[in-house]
Amino acid sequence: MSLRPDPNFIPVQDAGPAGGWAKSPLELSRGRRGPKGWQLFAGASAAIFFGFWRLGTGNQRRNEQKLFERRQRYALAPLLQNEADQEFNIREKQLLAQEKAIMSQVPGWEVGKSQYIGSRWTPPHIMDSSKTNVKK
């Protein structure tokens, strides 16, 4: 017996019937499997574009609001500064009067003169000598 196949042997192959197999009911009822690739790409691109557009318009609106508020603050700044200056002057006069009363017994004391010697200007240090600002 030889291990080689018979050269005259013709194999018989199974094949479907002529015209193909009949469609199964499952295959007929399946329908489409979903949108095509280009449709998914177009839909995702449109959603991303819409989101970035909304983000950009929101940023513009927020920047306009910030600019409006900033302009309002700039318009009010001189009024607020004037009010603060008036309060400063009132408090300074009260403190100078209090200093004059306290230091009236000291010879050579000049009311309002700085105790520090130097040519550099610094704003006056305001501290109420009354006990209203002292922590308990």
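**Exercises on a predicted model**

One aromatic pair is counted here, where rings of Phe, Tyr and Trp (its six-membered ring) pair if their centres lie within 6.5 Å, with planes under 30 degrees apart counted as stacked, over 60 as edge-to-face and the rest as tilted. The model is predicted, so local features need pLDDT of at least 70 and side-chain atom pairs pLDDT 80 or more, while totals for chains, interfaces and linings use all residues. Residues are numbered from 1 along each chain as its sequence is written, and side-chain values use heavy atoms, with hydrogens and water left out.

**Exercise 1.** State why the pair F50 and W53 is classed as it is.

*Solution.* 
- The ring centres of F50 and W53 are 5.9 Å apart.
- Their planes stand at 35 degrees, so the pair is tilted.

**Exercise 2.** Decide whether F50, W53 and R71 are buried, partly exposed or exposed.

*Solution.* 
- Buried means under 20% relative accessible area, exposed over 50%, and partly exposed in between (1.4 Å probe, protein chains only).
- F50, at 43%, is partly exposed.
- W53, at 46%, is partly exposed.
- R71, found in helix 2, has 56% and is therefore exposed.
- Of the 136 residues of the protein, 1% count as buried.

How values were computed: Helices (H or I, at least four residues) and strands (E, at least two) are DSSP runs, numbered from the N terminus.
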